[in-house]
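Here are my comments on the model you sent. Please read them with the structure open beside you.

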Amino acid sequence: LLHGEKRNEPPSVEQSPYYSTQQQDMLLLAEQITFACGGDSPSDCQHLCHNHMCCVEEEDEYSCASDAMKECAVYAGCVALIDDSFA
């Protein structure tokens, strides 16, 4: 062990080799979408989801869920705009 390290403690997020500001931003966006799309203000949900509705599209012809560049997992909450049972 290096000086000052404790055994069996994971590194802090800032020290982690997997830490990424972009990942943190995507997590924050996913939380914002979940909150907006689960609330009483559909306009906020529509604003956040506008360019990513293909992520929750069920028709293969229009879906972009398999496109890694779209980061569709972040936009999963947008399904509330097309399925009332999720709202």
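**Notes on the fold and its core**

1. Start with the contacts across the sequence. Among contacts between residues at least 6 apart in sequence, 40% join residues at least 24 apart. Keep in mind that this is a predicted model.

2. The secondary structure is quickly listed. The protein has two helices and zero strands. Of its 87 residues, 22% are buried.

3. Next, the helix pair. The axes of α1 and α2 lie 8 Å apart, and the two helices pack at an angle of about 145°. Their crossing is left-handed.

4. Which residues make this contact? From α1 come Leu-29, Gln-32, Ile-33, Ala-36 and Cys-37; they meet Asp-44, Cys-45, Leu-48 and Cys-49 of α2. Sorted by class, the α1 contact with α2 has seven nonpolar residues, one polar and one charged.

5. Now the core. The largest nonpolar core holds 17 residues. Ile-33, Cys-37, Cys-49, Val-74, Tyr-75 and Cys-78 have the most contacts inside it. Two or more residues each come from α1 (21-37) and α2 (42-49). The largest share is that of α1, with five residues. As a general point, nonpolar side chains in soluble globular proteins tend to be buried together.

6. Ile-33 deserves a separate look. Leaving aside neighbours within four places in sequence, Ile-33 is in contact with Gly-38, Leu-48, Cys-49, Val-74, Tyr-75, Gly-77 and Cys-78.

7. Is His-52 buried or exposed? His-52 has a relative accessible area of 17%, so this residue counts as buried, the cut-off being under 20%. His-52 sits in the segment after α2. A polar contact of 3.3 Å links its side chain to that of Tyr-75. With neighbours within four places in sequence set aside, His-52 is in contact with Lys-70 and Tyr-75.

8. Last, Val-79. Val-79 too is placed in the segment after α2. Its relative accessibility is 18%, and therefore Val-79 is buried. How far apart are the C-alpha atoms of Val-79 and Cys-45? They are separated by 9.9 Å, although the two residues are 34 apart along the chain.

Definitions and conventions. Residues numbered from 1 in each chain as written. Predicted model: local features only at pLDDT ≥ 70, side-chain atom pairs only at ≥ 80, totals over all residues. Heavy atoms only, no water. Core = buried A, V, L, I, M, F, W, Y, C linked by side-chain atoms within 4.5 Å. Buried < 20%, exposed > 50% of the residue type's maximum accessible area, 1.4 Å probe, protein only. Helix = DSSP H or I, 4+ residues; strand = E, 2+ residues; numbered from the N terminus. Contact = heavy atoms within 4.5 Å. Axes fitted to C-alpha atoms, helices over the stretch in contact; angles between N-to-C directions. Left-handed = near helix turned anticlockwise from the far one by under 90°. Nonpolar A, V, L, I, M, F, W, Y, C, P; charged D, E, K, R; others polar. Polar contact = N/O pair within 3.5 Å; in protein donor to acceptor, adjacent residues only side chain to side chain.
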